[in-house]
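Subject: Structure handover

Hello,

Please find the structure below, followed by notes on what was found in it.

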Amino acid sequence: MIELQGAGRSFKVKRQVVHAVQDLTFRVEPGEFVGYLGPNGAGKSTTIKMLCGILTPTSGRVRVAGLDPSRKRTTLARRIGVVFGQRTTLWWDLPLKDSFELIRLLYKVDRKLFASRLEEMVETLDLAEFLARPVRQLSLGQRMRGDLAAALLHGPDLLVLDEPTIGLDVVSKAGIRDFLQRTNAERGTTVLLTTHDLGDIERLCRRVMVIDHGRLGFDGTLEDLMAGQSSLEEVVTRLYTGSLQ
Ligand SMILES: Nc1ncnc2c1ncn2[C@@H]1O[C@H](COP(=O)(O)OP(=O)(O)OP(=O)(O)O)[C@@H](O)[C@H]1O
């Protein structure tokens, strides 16, 4: 589903070159649920932007669903759903249900299929109470549920999540995690999750990749990452500070 071969992205800032991501090589197979961890500025968002075609790699190769994201961004948009926790992709002044209808039109989704997907989303994400409200009036937790539904209504095979539980209370977080777990298990949707919330990782991810200073420092199972360590917080702190033995 995702294949990176020596992928890198650098930026020129005032005559200096910043290597945001360097020599990244990994594959994510269909149906996997992968956590993508790293300290602030490690290169997570840059990776995600390369996967969606927002940024073109300056070296190496990126393929998502067999496509070159920066060249086939529109075709790829049908295959992936993306949620940026820090900002919404919904139309701010429109009622949530109108945003959904616009998504149906944009992606040319069959009316019947769309109606059944929407019904399922409304039920599983508990959206009924605020479907008619403008997005700007929604609480953060409601807006996040709306964004998740919006990312899945066109039936993507891959869901890319950039901090989907940021700022949410424990109950809202649990609801979102349940939903993501079910989406992966029942629909087989591949999920790549970036988060600073280690609870998301513990609860959801079988596999974890850790990036630091733009390079992949760990790629393995959660159990392997935890081996011999007392808590995920401890092991991640040691990885981020370069003191893991
Ligand atoms: N457009 C840009 N121009 C210049 N430098 C950039 C640009 N985008 C990212 N960078 C730099 O690349 C590095 C990686 O940034 P990135 O946003 O990918 O990190 P991140 O892991 O997502 O961080 P965070 O957890 O804080 O969101 C940082 O040093 C950042 O300053």
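**Around the ligand**

Around the ligand lie Phe-11, Val-13, Val-18, Ala-20, Gly-38, Asn-40, Gly-41, Ala-42, Gly-43, Lys-44, Ser-45 and Thr-46 (a residue is near a molecule if its C-beta atom, placed from the backbone, lies within 6 Å of it). This is a predicted model, in which local features need pLDDT of at least 70, side-chain atom pairs count only at pLDDT 80 or more, and totals for chains, interfaces and linings use all residues. Residues are numbered from 1 along each chain as its sequence is written.

At least two residues of this shell come from each of β1 (2-13), β2 (16-28) and α1 (44-52). Helices (H or I, at least four residues) and strands (E, at least two) are DSSP runs, numbered from the N terminus. The largest share, 3 residues, is supplied by α1.

**The sheet**

β2-β1-β4 is the order of an open sheet of 3 strands with antiparallel pairing; two strands pair if DSSP finds at least two bridges between them. β2 and β4 (59-64) are at the edges with a single partner strand each, so one side of each has no neighbour in the sheet. The antiparallel pairing of β1 and β4 runs over 5 bridges, and Leu-4 has Val-62 in β4 as its bridge partner.

**The whole protein**

The protein has 9 helices and 9 strands. Its C-alpha atoms fill a box of roughly 50 × 40 × 35 Å along the principal axes. Of its 245 residues, 38% count as buried (20 or more other C-beta atoms within 10 Å of the residue's own, with C-beta atoms placed from the backbone).

Regards

Key: Buried ≥ 20, exposed ≤ 12 C-beta atoms within 10 Å, placed from the backbone.
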